[in-house]
Amino acid sequence: MFEQIIITIATAATPLLIAAIGELVVERSGVLNLGVEGMMVMGAVTGFAIAYLVGSSNTWLPESMLGYAPWLVKAAPWVGLLAAIIVGALFSLLFGFLTLTLVTNQVATGLALTLLGLGLSGMLGEGFTGLPGFKLPTLYIPVLTDLPLVGKLIFGQDPVFYMSIALTAGVAWFLFRTRAGLTLRSVGDNHGSAHALGIDVIRIRYLAVMFGGACAGAAGGYLSLLYTTQWIENMTAGRGWIALALVVFAAWRPWRVLAGAYLFGAVSIGQLHAQALGIGIPSQLLSSLPYLATIIVLVLISRNRRLTMVNTPASLGRPFVPDR
């Protein structure tokens with residue numbers, strides 16, 4: 001029972017971690033993208049739709065190519081995940097064009113992107129509601145996966161779980177151990193000085209925004225290809241906003257994002273188990289616990305101005321127009 005709870009916490013935390021790590025890189029470059037929720041839900045609907053179409057290839061393949069159908073069924077969730085990543089990156093380019101090229105307000109544009117994603121995903125996913133999905137496989141290593149307590153947790157998770165841990169380590173190494181990471185942080189801290197030194201601020205911010213969009217799309221694809229294995233309208237259910245809060249909670253530090261994601265994942269799963277045990281608390285209140293926890297954490301952090309400002313990129317949310 002304990003092992004299963006830990007595994008479900010890891011599953012719930014993985015999409016939060018991926019989306020938050022992507023947004024952390026975006027904000028480290030000085031850009032505030034509030035459209036994470038919209039990019040996540042677009043990744044979810046795209047990933048599910050493409051996986052379903054590829055996995056159902058036996059219904060549209062010509063008879064001469066039906067031999068490839070079993071291979072396509074196995075590849076379907078991976079193709080869907082790749083499509084979710086691409087759509088997330090493309091959707092983020094819209095945000096980048098509006099805020100970096102046309103210099104629109106980042107907060108308003110991000111909110112508009114979320115509303116666009118929620119509405120567009122509902123329209124595109126209408127024909128896929130209720131259809132069976134294709135699930136990403138989980139890892140199985142003989143003997144190791146069968147170990148008690150830690151076997152399934154360490155050696156029996158889905159590949160995206162391991163990718164999320166590797167992504168966190170990779171981003172931490174990139175930001176604080178590489179010249180490119182230092183350049184990105186310098187753009188986020190003082191874009192004027194970075195530009196004076198010959199750094200292409202707009203290009204770096206475009207790349208950061210695309211990386212964040214790809215991560216948000218992957219997180220959304222994870223939801224529809226593993227977490228629920230189906231498409232439900234608005235299935236992100238505010239996870240994009242929690243991912244945004246995680247970045248602030250972690251003070252823009254990758255490993256703290258990892259800890260925060262698992263903390264919020266534990267809260268989400270804890271309220272489900274509390275409902276299953278029949279605890280005498282209204283289910284609506286239990287369901288709101290992850291969001292209440294988000295608000296409480298943000299309030300506590302905001303009271304400590306030094307903690308809030310110590311790692312905050314100084315140019316965060318500020319528009320940049322190169323000198324003519």
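The model is a predicted one.

Start with α2, which spans residues 36-55, and α4, which spans residues 106-124. Their axes lie 7 Å apart and meet at an angle of about 20°. Angles under 35 degrees count as roughly parallel, so α2 is roughly parallel to α4. The crossing of this pair is left-handed.

Now the residues. From α2 come V36, E37, G38, M39, V41, M42 and V45. On the α4 side, they meet L113, T114, G117, L118, L120, S121 and L124. By class, the contact of α2 with α4 holds nine nonpolar residues, four polar ones and one charged.

Turn next to α9, the helix of residues 201-227. Here α2 packs at an angle of about 50°, and the axes are 6 Å apart. That angle makes α2 oblique to α9. The crossing of α2 and α9 is right-handed.

In this contact, α2 supplies V36, M39, M40, G43, A44, G47, F48 and A51. Helix α9 supplies G213, A216, G217, A219, G220, G221, L223, S224 and L225. The residues of the α2 contact with α9 split into ten nonpolar and seven polar, with no charged ones.

The crossing with α4 is left-handed, whereas the crossing with α9 is right-handed. The contact with α4 includes one charged residue, while the contact with α9 has none.

Notes: Residues numbered from 1 in each chain as written. Predicted model: local features only at pLDDT ≥ 70, side-chain atom pairs only at ≥ 80, totals over all residues. Heavy atoms only, no water. Axes fitted to C-alpha atoms, helices over the stretch in contact; angles between N-to-C directions. Helix = DSSP H or I, 4+ residues; strand = E, 2+ residues; numbered from the N terminus. Parallel < 35°, antiparallel > 145°, perpendicular 65-115°, else oblique. Left-handed = near helix turned anticlockwise from the far one by under 90°. Contact = heavy atoms within 4.5 Å. Nonpolar A, V, L, I, M, F, W, Y, C, P; charged D, E, K, R; others polar.
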